[in-house]
Amino acid sequence: GVAGKAGVGRSSMTLNLASALARAGKDVLVLDENVGPHNLLDRLMFGAHYDLLDVVQGKCTLPQAVLRAQGFALLPTAYAMRTLGEMPLVEQQSMARALSEASNGVDVLLVDAALLSGQTVMSSSLAAGVTLLVVVDGTAGGIKESYALIKRLALENAKLQFEIVVN
């Protein structure tokens, strides 16, 4: 999920959706791209020891970085996403392999996406053909910001599909 601005319930929506899908018998992996406070790790009261960046840099294995909660898997990716723009090609390839391995066999991949201001590198989750859930604050400003986000993402990747939730 993404949102045009902070504080509209994107993380709560991702967490609730992951829990509901897991209860329905789906194998769910959630990528948490947000640095705390108030990220999914904090909401689940986890102290993450590792991030996807640690996997990429060989400081831990992928299974050591993946956490389990409420029937679904959670992979912290905040630091990896923040360094993606400066990451050497070999590390980018290692990250792609790790994400592919992590999502292998998963029924549903959810991403609590962090769109950093001024960030030109988009989340690795925004691959062609994925459906992106946009959480919209139901105010005039929230709708305007969300529309601008959708427009920008559509221009950068025309194959994205959008679903909208008004919170």
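**The overall picture**

Keep in mind from the start that this is a predicted model. The chain holds seven helices and seven strands. Read from the N terminus, these elements follow the order β-α-β-α-α-α-β-β-α-α-β-β-α-β. The chain has 167 residues, and 44% of them count as buried. It exposes about 8800 Å², with carbon and sulfur atoms supplying 54% of that area. If you look at contacts with a separation of 6 or more, 76% of them involve residues 24 or more positions apart.

The average pLDDT of the chain is 75, and 65% of the residues score at least 70. Helix α4 has the highest confidence, with a mean of 93, while strand β1 (residues 2-3) has the lowest, with a mean of 42. Over residues 1-5 the pLDDT stays under 50, and the model gives this stretch 27 contacts beyond four places in sequence. Residues 116-122 also come out below 50, with twelve contacts beyond near neighbours in sequence.

**Strand β2, wrapped on both sides**

Five of its five residues are buried, so the strand is largely enclosed by the rest of the structure. What covers which side? Val28, Val30 and Asp32 lie on one face and Leu29 and Leu31 on the other, and all of them are buried. In general, side chains in a regular strand alternate between the two faces of the sheet.

β2 also has strand partners. It runs parallel to β5 (residues 108-112), joined by five bridges, and parallel to β4, joined by four bridges. Within these pairings, Val28 stands opposite Val108 of β5, and Leu31 stands opposite Leu75 of β4.

In soluble globular proteins, nonpolar side chains tend to be buried together. Here, the largest nonpolar core has 22 residues, and Leu29, Leu52, Val55, Leu75 and Met95 have the most contacts inside it. At least two residues of this core come from each of β2 (28-32), α3 (52-56), α4 (62-65), β4 (72-76), α5 (78-83) and α6 (89-103). Another core lies apart from it, with 14 residues, including Val30, Leu41, Phe72 and Val108.

Most residues other than glycine have a negative phi. Which way does Gln70 go, positive or negative? Gln70 has a positive phi of about 50 degrees, although it is not a glycine. You will find Gln70 in the loop between β3 (67-69) and β4.

Terms used:
Residues numbered from 1 in each chain as written. Predicted model: local features only at pLDDT ≥ 70, side-chain atom pairs only at ≥ 80, totals over all residues. Heavy atoms only, no water. Core = buried A, V, L, I, M, F, W, Y, C linked by side-chain atoms within 4.5 Å. Buried < 20%, exposed > 50% of the residue type's maximum accessible area, 1.4 Å probe, protein only. Contact = heavy atoms within 4.5 Å. Areas by Shrake-Rupley, 256 points an atom, 1.4 Å probe, with all protein chains shown as cover. pLDDT = per-residue confidence, 0-100. Pairing = 2+ DSSP bridges.
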